Amino acid sequence: MVNYVIAKMTQKSAVSVAQWHYQDEYEFYDMIADPEDYQELMNKELRGDSYYQVTQAGMLIGFFVVEKTDRQEVVEVGLGMAPELTGQGKGFEFVRAVLKYVLHLKTPEKILFDVAKFNVRAQKLYQKIGFKVVNYHEQETNGGSYPFVLMVKSF
């Protein structure tokens, strides 16, 4: 069992996450790729109580954001792992820890993930955890419109 520590995101962690750079097509997830996301991450007031950091042995290994939807019992979660940790089979335990925390924090009936369509690696991981694809849609982000996959799990 992996020992993660989850806490509200600090400014120091926000600055670190903002500097993360992913390889190849995953650079889509670099914070600087979307000025709105970057601005929200860097501003403590805009982050509010929605952003969390995940550390292990004092090292920042990931983060997540919990967003309200138009239904109180449904939340959307966005997350990211440090680029040097992706693609190594560590995502399963990381996502399970995030979900456990979110369920304790918000007690939602459903959790949503909105995943870029090209990110099959994340989609397979989420399906392994029990998420189902509910629709495909275009989303405005990173200065354009891109295909996304909406996934949901009921609790």
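**Strand β3 and its partners**

Student: In which sense do β3 and strand β4 (residues 74-81) pair, and over how many bridges?
Tutor: This is a predicted model, where local features need pLDDT of at least 70, side-chain atom pairs count only at pLDDT 80 or more, and totals for chains, interfaces and linings use all residues. Residues are numbered from 1 along each chain as its sequence is written, and side-chain values use heavy atoms, without hydrogens and water. Strands are DSSP runs of E with at least two residues, numbered from the N terminus, and two of them pair if DSSP finds at least two bridges between them. For β3 and β4 the pairing is antiparallel, over seven bridges.

Student: Which residue of β4 is the bridge partner of Phe64?
Tutor: β3 also pairs with strand β2 (residues 51-56) in the antiparallel sense, over six bridges. There, Phe64 is the bridge partner of Tyr52. In β4, the bridge partner of Phe64 is Leu79.

Student: Why is strand β3 (residues 59-68) largely enclosed by the rest of the structure?
Tutor: Buried means under 20% relative accessible area, with a 1.4 Å probe and protein chains only. β3 is largely enclosed because the number of its ten residues that are buried is seven.

Student: How many residues does β3 have between it and β4 in their hairpin?
Tutor: The hairpin of β2 and β3 has two residues between the strands, and Ala57 takes a positive phi near 55 degrees there. For the hairpin of β3 and β4, the number between them is five.

Methods:
Buried means under 20% relative accessible area, exposed over 50%, partly exposed in between (1.4 Å probe, protein chains only). Helices (H or I, at least four residues) and strands (E, at least two) are DSSP runs, numbered from the N terminus.
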